[in-house]
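Subject: A structure for you to explore

Hi there,

Here is the structure I promised to pass on. Please open it next to this email, and then read my notes below.

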Amino acid sequence: MNTFFLLSLILVALSVGSAASNYHENLHLQPLPPSNLLASFNFKSNTTQSSFEKQHFQYFPRALGQILQHANTRELHLRFTSGRWDSESWGSRPWNGAKEGGTGVELWAWIEAPDDETAFSKWITLTQSLSGLFCASLNFIDSTRTTQPVVSFDPAGDHSPSENLHLLHGTLPGEVVCTENLTPFLKLLPCKGKAGVASLLDGHKLFDAAWQSMSIDVRPVCSGPEECLVQVDQTVDIVLDIERSKRPRGNPIPRPIPGDKLVCDTSKSYHTRDTCYPLEQTAEQGWSITELFGRSISGSCPLTDSESSNEDAVCLHISPVREVRSSPDSVETKWTNDFTRCFSLPPSIPFDLTVPEQASAAHVPLDQPVLHAERTIVGHGQERGGMRIIFNNPSNEKSVDFIYFETLPWFLRPYIHTLQATMTGPDGIRRQVPTSEIIKETFYRPGVDRERGTQLELALSLPPASTVTLTYDFEKAILRYTEYPPDANRGFNVAPAVIKVDAPQTGRPIYLRTTSLLLPLPTPDFSMPYNVIILTSTVIALAFGSIFNLLVRRFVTADEAVALRAQTFRGRIGGKIVALRDRIRGKSSKVE
Amino acid sequence: MSANHEDSESSQTAMTSKPSASSLPPPEKPNAIQTRFGVVAAFWAVILFLGFPIWWKTTSIYRAELPIQEMLDWAGGKSCRPVFPLEIRFDTPSLPDLEAQQLLRITQHTLDDLNEFSAHHLRLKLADEEAQQATEKADTALTVRLLAQDDLSSPRSLLDADTTTLDVFYPPSQIPPPSSSISPLSSYIAGELQRLFAEEKAIMAHILSNNAMGANVNTPQSPNSQAQQQISPQLAESITRRLRRSMKYAETYHLAFSLFTPGSAPSSWDIESAVQAYISPLVQVLSPISNFTIDTQVQLYASFSPTTPPPEYDETQQVWTLKEENLSAFINAAEWPLNPSIGSGPTINFILYVPAPSQSPLLVNEGKATSWIIPQWGGVFILNPPSIPTSESTKGNPPHLPANALTPAFLTFSHQLLSLLGTPQTPTSLPLRLQTLIRIRAATLLLSASSTMGSLARLTESLPSIPIPATVASSVSATLSHLSSACDSLRQGRFMAALASARVAETEAERSFFEKSMVGQMYFPDEHKVAVYLPLLGPIGVPLVLGLVKEIRRVVVGWKARRG
């Protein structure tokens with residue numbers, strides 16, 4: 001039921017966005033157990049295709065529009081993500097995972113080009129320009145980090161069939177997303193984060209979150225053959241730890257709760273004045289927007305032109321029994337769904353929302369994710385390793401069909417023939433199963449050293465209430481001396497795998513992403529070249545010197561050598577020095 | 001067998017030397033000495049004829065041959081003397097041929113007397129004379145139409161603002177008689193022409209005198225200085241200012257029109273029709289010189305930077321004023337999204353600023369101006385729209401700017417665009433000014449490409465360790481050939497062709513100067529090289545050198561002994 005309403009909300013938002021309205025924004029807030037809050041910002045603006053082509057930009061950001069035109073990009077998806085979505089306690093992902101990327105930066109785009117080579121050169125143009133616009137290292141997406149997925153992504157926009165589109169996908173799992181990426185993100189908004197819900201976005205709070213994802217999607221939306229809009233859809237999703245966010249800005253260091261304020265389990269036998277078994281908090285924590293974000297919403301963004309679209313500017317997804325206080329000028333609307341309350345924003349007056357502390361209120365039921373996935377690197381040693389991917393289907397009735405897509409860097413060379421599957425059924429017995437029983441289809445493009453990474457796409461089907469573990473072995477390549485980064489011993493990032501679950505009932509697929517991995521590679525001692533030079537030089541010099549001396553020296557007996565030396569001036573002086581030294585030694589030994 | 005022989009020999013020497021401790025070894029056999037000489041010679045031969053060439057070959061840098069002297073000649077102005085012969089056609093429908101030629105001759109003579117700046121001179125031609133020589137036709141700068149009008153006492157002229165025609169009306173009595181060498185009509189025409197091209201001449205003199213190439217133009221007496229003395233100091237000052245603020249020449253300019261406002265209104269403007277009406281026609285006529293792209297944007301909530309002094313309220317006139325000295329800080333470069341457009345070529349920004357209703361009307365302090373030019377960057381126009389009541393008490397900006405509200409702004413922008421491109425302010429005819437612009441651009445490009453050649457030549461001479469790829473050499477030769485064709489075209493008065501050649505020369509020159517592989521050279525300090533070479537060369541070099549020294553000494557001693 002909950003899924004249905006969240007989806008219907010999304011669909012309403014989508015339809016509002018794609019209508020004549022030029023700009024639309026809203027904020028969804030939802031408390032998550034144990035004491036977190038999901039804040040989901042969404043900003044949508046569009047422009048007509050004709051003014052986009054003539055470069056007359058009103059709400060559509062000019063910088064982004066010019067980049068897209070310069071790179072012949074028809075559809076763009078850019079994600080900046082950090083942290084991990086804890087699906088065990090937070091349930092299914094916001095937007096069904098459609099608006100998030102793997103850890104770091106993920107970019108995929110449909111580029112119009114006559115052939116693959118032109119498409120790739122346009123792709124490089126696109127990454128270079130976006131890198132400058134978003135202050136991210138997107139320019140490091142080169143051919144080794146670029147793939148062309150076959151079945152994992154579908155275009156979200158309406159494209160005419162005559163266009164020759166190429167899908168390119170690139171990831172930067174090691175990119176640290178931070179404030180310098182948020183500032184250009186906010187500059188793309190028509191209200192610049194100075195009015196409307198975007199005024200809450202602040203780098204200090206945003207990047208302090210347990211999980212955050214920023215996304216930008218640009219796609220063409222056509223209602224008729226000649227009536228096309230170009231839509232830019234920006235979202236920011238964050239999961240805030242309520243307690244952590246409520247810390248005052250001037251005094252952010254967490255301190256232990258004083259002893260007299262601890263709630264202790266007095267029934268424990270060891271409970272005394274100085275030993276305490278803390279009880280779990282039963283009351284729902286109270287919070288307000290000002291406390292969590294450090295500021296209030298500074299009025300509505302007046303560009304949302306129709307009154308109706310301002311109605312759902314701030315929506316709260318919370319149990320109906322909880323009390324919610326809002327600023328007096330706003331209008332509250334309850335949706336047919338009991339769990340959702342929406343508020344309209346007053347123009348140019350600060351808006352705040354307070355949810356006071358309340359004892360044991362009913363929770364909003366959370367959706368369970370359709371699939372759990374986990375990916376780890378196993379094995380030991382510098383040469384070989386293995387990948388283990390665990391899929392878990394929590395449903396007791398339905399089997400899950402999905403696409404598993406991963407790109408591996410070229411220095412990780414998988415052996416696909418070692419791909420094995422073990423299944424734990426509902427009976428709890430582990431057994432080896434032939435991979436063909438689970439994997440319906442495989443698309444595999446082996447990597448080429450220093451040119452492209454490995455691309456693996458598997459279509460899998462998981463029976464109900466079962467856990468499947470896929471494993472395969474890989475070999476670690478040895479890199480060239482100059483290919484190591486400065487922090488070589490930290491390990492090398494392996495991009496997260498993308499899982500696309502088909503959801504026929506909604507039409508839009510559900511996306512999951514695993515965490516990114518760190519691959520330790522054999523790292524040399526970086527003073528090696530000098531050692532090699534010194535050592536080989538010494539060996540060569542030794543060999544050369546002895547051979548050369550053998551060839552050109554004349555061999556005489558020791559006596560003859562003395563006689564020869566005595567003939568020369570230097571030899572005579574040397575002899576005298578030796579004699580002098582002998583005399584001194586002789587004297588000193590006598591004294592002893 | 002030889003080993004045996006040696007063995008026995010050494011044991012023999014050992015036995016014989018035993019009795020006396022200081023006995024000398026027997027003298028070496030000549031063939032042993034010869035063998036040693038051969039060994040040392042062979043080692044040194046390998047080093048000199050194999051090792052050294054390989055080392056030389058593998059560590060040397062490819063340097064393509066460049067015509068250094070020719071490049072320096074261009075930079076020094078020795079290869080080309082830029083001249084600007086302007087051809088002026090005389091259209092004399094009402095005069096007989098002979099009289100027309102006589103008038104032409106006298107006028108030309110008067111003009112030559114007036115002109116002090118020989119690089120820029122006017123050549124008069126009759127219209128029908130022009131028609132006869134179809135080949136090698138020079139661009140006609142101006143057509144003078146002589147029209148007789150009876151009721152005039154003195155000649156009168158009218159410059160058509162849309163074409164390059166000067167109509168001169170004269171009383172028929174002033175036609176010079178065939179024998180005279182001076183006439184009031186011809187001196188009037190000469191004076192008019194001189195006046196029309198005065199500013200262009202001043203600009204040319206300025207451009208040429210600021211360059212080594214131009215400085216050499218009129219040796220030995222340098223009439224340049226005379227030409228400059230002719231120019232009034234105010235004109236010279238304004239020319240310097242205008243040249244300083246005009247953009248550097250480029251193939252393509254991006255024009256970016258932005259609407260900035262500190263609040264949320266106005267959020268839309270009739271930009272398409274404004275561009276269509278005021279900018280597109282201008283871009284059309286400028287297209288022979290450069291290409292233009294146009295893009296526009298609306299930026300709301302654009303506040304001043306915190307360091308900018310805020311506008312002050314002038315009580316007496318009830319206006320908000322910006323101080324002129326604070327205008328440079330008006331653009332909040334850190335926050336306003338004014339990034340240059342993608343693609344090659346500079347961006348010219350035009351900013352339409354609508355102040356907040358609380359700060360309206362906003363004017364610039366002195367002169368109450370509302371617009372100004374930011375040198376080499378763009379222009380700003382402050383638009384104070386009539387405020388409309390939004391709610392009970394507050395007033396706000398209108399949410400939409402209609403086309404007629406944009407008219408003053410876009411007229412100013414088109415004017416600013418012309419001055420940013422370096423168009424002169426006189427005469428009134430736009431086609432004439434654009435022709436002048438073509439000549440100015442051709443001259444500046446010619447000079448800048450030549451000086452780039454000189455810099456490249458000096459750079460390659462002063463840095464012997466930078467590589468010069470073959471592409472640089474080919475770019476340089478392309479530049480030089482286009483420079484000379486530009487120079488030839490100038491001499492023949494074909495300025496469009498000169499500009500085209502100079503454009504190519506400039507791009508090729510820039511390409512050769514900014515060649516990436518010339519700078520992207522890995523840098524190995526000398527200490528590094530020593531650290532790499534020494535462990536090998538030290539232990540090997542010492543025995544080799546000592547062996548060589550011994551052999552040479554032995555040869556020298558033997559040679560001396562033989563002579564003595």
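Let's start with one pair of residues: A:Pro31 stands opposite A:Leu37 in E2(A). The names E and H stand for strands (E, at least two residues) and helices (H or I, at least four), which are DSSP runs numbered from the N terminus. Before going further, please note that this is a predicted model, where local features need pLDDT of at least 70 and side-chain atom pairs count only at pLDDT 80 or more, while totals for chains, interfaces and linings use all residues. Residues are numbered from 1 along each chain as its sequence is written, and chains are lettered from A and ligands numbered from 1 in the order in which they are written.

**A strand in chain A**

E1(A) pairs with strand E2 (residues 36-48) of chain A through ten bridges, and the two run antiparallel. Strands pair if DSSP finds at least two bridges between them. A hairpin of three residues joins E1(A) to E2(A). E1(A) also pairs with strand E12 (residues 314-317) of chain A, this time in the parallel sense over three bridges. A:Cys315 in E12(A) is the bridge partner of A:His28.

**A sheet in chain B**

In chain B, five strands form an open sheet in the order E8-E6-E11-E14-E13, with mixed pairing. Strand E8 (291-299) and strand E13 (371-374) of chain B are at the edges with a single partner strand each, so one side of each has no neighbour in the sheet. Nine bridges link strand E6 (residues 252-260) of chain B to E8(B), and these two run parallel. B:Ala256 stands opposite B:Asp295 in E8(B).

**Where the chains meet**

How many residues of chain A are in contact with chain B? There are 40, and they touch 37 residues of chain B; contact means C-beta atoms, placed from the backbone, within 7 Å. H11(A) gives the most to chain A's side, with twelve residues.

The axes of H11(A) and helix H17 (residues 526-563) of chain B come within 8 Å and cross at roughly 10°. Axes are lines fitted to C-alpha atoms, for helices over the stretch in contact, and angles run from 0 to 180 degrees between N-to-C directions. That makes H11(A) roughly parallel to H17(B), a term for angles under 35 degrees. Among the residues that make this contact are A:Phe544 and A:Phe548 of H11(A) and B:Pro539 and B:Ile540 of H17(B).

**The core**

The largest nonpolar core has 182 residues. Such a core is a set of buried Ala, Val, Leu, Ile, Met, Phe, Trp, Tyr and Cys residues joined through C-beta atoms within 7 Å. A:Val314 and B:Leu483 are among those with the most contacts inside this core. Helix H13 (residues 430-462) of chain B gives the most to this core, with twelve residues.

Enjoy exploring!

Technical notes:
Contact = placed C-beta atoms within 7 Å. Parallel < 35°, antiparallel > 145°, perpendicular 65-115°, else oblique. Buried ≥ 20, exposed ≤ 12 C-beta atoms within 10 Å, placed from the backbone.
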